[in-house]
Amino acid sequence: MKAVAIGLLRHGNRWFLQRRDPSNPVLPGLWEFPGGKVEEGETPESALMRELREELGVSLHFAEPMPTLEGAVRLHPFLVRSDVAPRTDLAWGWFTAADMLHLPVPPLNLPLIAALARIADESQPPLADLIT
Ligand SMILES: Nc1nc2c([nH]c(=O)n2[C@@H]2O[C@H](COP(=O)(O)OP(=O)(O)OP(=O)(O)O)[C@@H](O)[C@H]2O)c(=O)[nH]1
């Protein structure tokens with residue numbers, strides 16, 4: 001099964017997505033996390049670093065692996081911290097997990113998007129702390 005490494009770049013409670021080329025025969029026009037195929041001899045993490053450098057001009061400081069997801073491909077997601085603004089020729093944007101539910105996304109990403117919604121919730125300070 002093809003292994004694919006993807007980077008979940010965070011900006012507050014929003015995440016970076018780019019739109020697959022509408023002329024790509026594979027999943028045209030879907031909104032995805034940046035990344036790509038793990039080539040022979042690479043680890044998922046080294047593939048992620050290469051893809052983000054090639055696709056977005058981003059050098060990673062840190063990538064935290066999340067559980068893999070299996071469907072049409074084996075997806076290796078990583079939480080990424082980077083201060084560099086991504087540049088891409090594709091359409092792109094920063095989206096909340098709730099926004100993503102209204103976008104066409106690969107089916108394998110749905111459980112991941114649910115997990116991101118929980119991450120965003122957990123990192124909010126408890127309401128009580130804001131009131132006192
Ligand atoms: N980049 C990316 N790919 C994803 C995501 N979710 C997901 O299921 N995939 C799948 O993982 C595969 C990515 O492989 P790839 O980057 O080599 O893209 P590709 O199939 O167009 O191959 P290519 O290298 O020939 O252009 C695609 O089948 C894509 O649909 C995601 O969030 N980001």
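**Close-up views of a predicted model**

**View 1. Leu56 in helix α1.** L56 lies in helix α1, which spans residues 44-56 (helices are DSSP runs of H or I with at least four residues, strands are runs of E with at least two, and both are numbered from the N terminus). This is a predicted model, in which local features need pLDDT of at least 70 and side-chain atom pairs count only at pLDDT 80 or more, while totals for chains, interfaces and linings use all residues. Residues are numbered from 1 along each chain as its sequence is written, and side-chain values use heavy atoms, with hydrogens and water left out. With a relative accessible area of 0%, L56 is buried (buried means under 20%, exposed over 50%, and partly exposed in between, using a 1.4 Å probe and protein chains only). Look for W92 as well: 36 residues separate L56 and W92 along the chain, and their C-alpha atoms are 11 Å apart.

**View 2. Arg14 in strand β2.** R14 belongs to strand β2, residues 14-19. R14 is partly exposed, at a relative accessible area of 35%. The C-alpha atoms of R14 and A120 are separated by 8.5 Å, although the two residues are 106 apart along the chain.

**View 3. Leu27 and its backbone.** L27 sits in the loop between β2 and β3 (31-32). Its relative accessible area is 36%, so L27 is partly exposed. Phi of L27 is near 45°, a positive value in a residue other than glycine. Most residues other than glycine have a negative phi.

**View 4. The shell around the ligand.** Here 17 residues surround the ligand, and the closest are K2, R20, L27, F33 and N109 (a residue is near a molecule if one of its heavy atoms lies within 4 Å of it). The shell divides into 9 nonpolar, 4 polar and 4 charged residues. Strands β1 (3-11) and β4 (35-37) each supply at least two residues of the shell; β4 gives the most, with 3.

View 5. An N or O atom in the side chain of R20 is 2.9 Å from an oxygen atom of the ligand. For K2, the distance from a side-chain N or O atom to a ligand oxygen is 3.0 Å. E32 places a polar side-chain atom 3.4 Å from a nitrogen atom of the ligand. Taken alone, the ligand exposes 620 Å², and the protein buries 74% of that (areas by the Shrake-Rupley method with a 1.4 Å probe).

Terms used:
A polar contact is a pair of N or O atoms within 3.5 Å; within protein, one must be able to donate a hydrogen and the other to accept it, and residues adjacent in sequence count only if both atoms are side-chain atoms. Ala, Val, Leu, Ile, Met, Phe, Trp, Tyr, Cys and Pro count as nonpolar, Asp, Glu, Lys and Arg as charged, and the others, Gly among them, as polar.
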